[in-house]
Each structure stands twice: as structure tokens, then as C-alpha cells.
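Here is a short briefing on one protein model. Look over the sequence and structure, then read the points by topic.

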Amino acid sequence: MSCSIFLLIFALLVSILEQSVSVSVSNGSQRVILRAISGQDGEKPDFAVELNATNFDSVLKETPAPYAIVEFFAHWCPACRNYKPQYEKVARLFNGADASHPGLILMTRVDCALKINSNLCDKFSVKYYPMLLWGPPKKLVGWDPKQENNEILTIERGRTADILLGWINKQLGSSYGFDDGKYENEHLQRNFSDPGQIAKAIYDIEEATSSAFGIILDQRMIKSGTRASLIKFLQLLVAHHPSKRCRKGSADILVDFDNLCPSEILLANNEADSCSKKGALGNYQICGKEVPRGYWMYCRGSKNDTRGFSCGLWVLLHSLSVRVEDGESDLAFRTTCDFIYNFFVCEECRQHFHGMCSSVSSPFKKARDFALWLWSAHNQVNERLMKDEESLGTGDPEFPKVTWPPKQLCPSCYLSPGKTSDKNSKIDWNENEVFKFLVSYYGKELVNLYKDKELQAGVGTEKTVNEELVASTNAVVVPLGAALAIAVASCAFGALACFWRSQQKNRKYKHLHSLKNI
């Protein structure tokens, strides 16, 4: 009798355990479930992004894509399993590092069979599987079924990849096909006079910032001789990076830096693990958890090995140069020069840049001087590479190096209709107009995309673009225990550098509670 009771209790425990594991797996990983259903090992990764109630809003808010498709399905539904390859065939055109048309449509899916997603699927009145909705991402986040919204559309007939892509083409007036190759930046060269193209570069600046930080950690480049250079550059990013999330991420690293990468450790071991990807520093995401995204938009080349990171880094530097104030211009210049020299892994490039930095004989007194020097340096680099790429055939055929800015973008930047008659054929520039162009192009135009998306999403006018992306004009407020004060942007960078040095040994971060107005 006692044996029978024991066996009965054991059986009940096993049953409960199996149910617990089942629920845990269901709630924890939709991707694992979908792969398990297919029963195929080594299945190719999904292109559609799987969402649930915990990340639905954040992913759609953060995407640079102007459109999104959400597929509501159930993992137990045979029709959904059969439809998945069709949906994936379309998703690979728009999602992923090798997408043909990245940054245009974010294709996602939500498993309504998971308990965690019950309320989310009820919100969208999902009545059948699979059900597809189309609309601007932020409209999907704020969707209210009680309000009429003509921008959220149900894709009624998209049961095959051909039909779904045809529906998308009709909606966008496009002619995308499954044979489309890897993305080429279709718009900038063909419409070179459109200044709005730079608005896409805010995402590339975030990508470049994240990539640069990753390279520094991967290559173990933080040493006793380079540590101070990185700290200064982080200070510059905290004060003037055009992306709010990169400013905050840089501040998070900066205030913890002494604990994460102590100078004493580097003095004892010039390549300490704690200052590399292997240490706690590797857990920090300088521009937030959504970055890097794995692709470029404004800086995407027509070939895998062109543009990309180098383009994004240049745009980052230009965006910083037009945001510093007069009193910090020389410090920003020296900080930029030191950062490139210490952390840019292309040896010839960094030496050439260092040479241009060394040629500056007197300190900059105006922000205008720094912005124009960087613009001139960039054109010198383009001129040098233009000759090399033309002779070797290594350039991007769709994006040949050009003198910047071209007349299509800034006709007033040119004093004369053509080039002067000297032997070097130098352009006669109107530098006042060039500076105005740089401030507008890498300042206002750079953040227009965010501003437009906020307005499209119906965000109140009191939430201005300055709160999101424009260089910080408010103080960074942290507790006294952190011993870090970032002043108003007009003097933030200079004050930071002095204050950091004076408090280097006394900083305590354990009592840091908040970072505000970054």
C-alpha cells in the first residue's frame, strides 16, 4: 500500500515538473519553440523579429523603419507553420544584415498561443491565425481599437510570399523582387540635392559609436597610455553626442570607469582583462540594448567593404564639431585627434589624420574654426583616396569620393562658378557659408527624422526634438557620491575635463542613483 502511494506521489511530481518546464520554455523563448516544431537541426535563423508583451513597445519605438508588419500567429496552428517560410521569404528582403532593403519595413511576429501575449493579442482583436497588420511602428504602439486609424491596415490576402510582396509594392509604389541583391543606397546619389538624406544618419552615428566601442574592447586597446584619451572622448560624447541614448550610455560608462578599468591595474598589466570585452566593461552598451543593429542606412555602400563604419565615424565627428561651444573648441579638437590616433585601427589612416592634427600650430578659439578644420581635413582625405581608388579600382562605383559639399547641396558655399585657375585647381570656398551649411546639415537636418517620427506618432508639442537628440543643453545631475558633474553644454566639456582630473582618485560610484537630462 505504502509503495503504491509513493509511486502515485512520484507520478504526480513528474507530471507537475513536466508542466512547469513546458510553461517555462513557452514563456521564455518563442524562437526555441518554433524551431522545435520544425524538427530540423541547423535551421536557418529567422529574419522576422519575434516580439512579446515585454518588448513589443520598445522594439517598435526604437526601429528606424517607417513601416512595420506584425504577424499574429499560434505555434500550434498548422496553417501558421506552413505560412512561416512564405513570411520569412519576404522578411529576408527587409530584415537582417544582408537585407536587400533594410530600414524600410520591420517585419515581426507575435505568438498569441503564449500566455504572456494574451492581453497584447486581445488589444489588437486577433480573431484568426495568421493575421497580419501593417502601419507606422509608433502607431502600432499607441493603437487604440476604439479609435479609427486609417494608417493601421489589415493585410487580408497575403497567404503566399508573392502575394504579400505584391501587396507591399502596391502600398509603397515600389517594384521590389525576390531577386533583389544586397542593399544599395538607392536615394542619395540619384537625388544628391536632397538634404533630408542626412536624417537617416542618426542611426549610423549610433551604429558607429557602438562599433567603435566594441572594437576598442575586442582589440584590448585600453592601455595605461590610452586610458585618459578614452575618458576625454567619453566626456565629449556625454556632452555633445546627437543621440540621447548614446549620451546616457557614455555617461553610464564614464561614471563607473574607475571601478571597471582602474589605472592601477593597467600600470601593473598593460592589457588587463577588466578593460576588455572579457571584463565587466564588456557588459555595457554605449548606445542602448538595440544597438548595434547590424546594418547601415545613410552610410551603406553598394559593396560589403565600402563606406559603413568609416562613413559613420566621420558623420559622428562632424556632428560633434558643430555642437561644441567656442570655449571648448580646442579641447574638442585635441580630444578628437587623440582618439583617432589611439583607437582607429587603420594604421595608414590614423597616421595621416595625426599628421593633419600636428600641422595645426595655434589653438582654436572658436567652434567655427574646429568645424571648418574637420571639414577641410575630410576633403583632404577624400582627395587622397579619390586618386588611390581611381587608380586601383577599389572605390564604391555608386559612391565615388567627392569634394564636400557638392554644389547641389550648397551652391552658396562656392565663391566662383568653377574652380580657380591655379595649378592645384583648388576650389574658392565661401567659408562662412560652408560653416552655416555644416551647422544645418550635421545639426538640424541630422535629427529631422526623429522629429518627424515624433510628430507622426502624435506626441505632444511640448516634447521637442531637443529632448531626444539635439546636443544636451542641460546639466547632467548626479548625486554627490558620484563626484561627477556635467555642466551646461556651453561649458560642459571643459568643466568635465578639469573636474575629472581633480577628482580622479576620490570618485565613488556605488551611491549613484540617477542620471538626468543627459
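The protein exposes about 25600 Å², and carbon and sulfur atoms supply 53% of that area. Accessible areas come from the Shrake-Rupley method with a 1.4 Å probe; for residues, only the protein chains shown count as cover. This is a predicted model: local features need pLDDT of at least 70, side-chain atom pairs count only at pLDDT 80 or more, and totals for chains, interfaces and linings use all residues. Residues are numbered from 1 along each chain as its sequence is written, and side-chain values use heavy atoms, with hydrogens and water left out.

**Overall fold**
- The protein has 19 helices and five strands. These are DSSP runs numbered from the N terminus: helices are H or I with at least four residues, strands are E with at least two.
- Of the 518 residues, 47% are buried. Buried means under 20% relative accessible area, exposed over 50%, and partly exposed in between (1.4 Å probe, protein chains only).
- Among contacts between residues at least 6 apart in sequence, 72% join residues at least 24 apart. A contact means heavy atoms within 4.5 Å.

**Largest pocket**
- The largest pocket has a volume of about 1000 Å³. A pocket is an open set of points on a 1 Å grid over the protein atoms alone, where a 1.4 Å probe fits, with protein on both sides within 12 Å along at least five of seven lines. Its volume is the space filled by probe spheres set on the points, which are joined across faces, edges and corners.
- The lining holds 41 residues, and Ser310, Cys311, Trp314, His378 and Lys401 lie nearest the centre. Lining residues have an atom within 4 Å of a point.
- Helix 12 (309-321), helix 14 (347-358) and helix 15 (367-392) each supply at least two lining residues.

**Salt bridges**
- The count comes to 13 salt bridges. Each is a side-chain nitrogen of Lys or Arg within 4 Å of a carboxyl oxygen of Asp or Glu.
- Arg109 pairs with Glu88, with the closest N and O atoms 3.2 Å apart. Arg109 lies in strand 3 (residues 105-111) and Glu88 in helix 4 (residues 78-94), so the bridge ties together parts 21 residues apart in sequence. Both Arg109 and Glu88 are buried.
- Asp258 and Arg227 meet in a salt bridge at 2.7 Å, N to O. Asp258 lies in helix 10 (residues 244-260) and Arg227 in helix 9 (residues 227-240), so this pair ties together parts 31 residues apart in sequence. Asp258 is buried at 14% relative accessible area, and Arg227 is buried at 6%.
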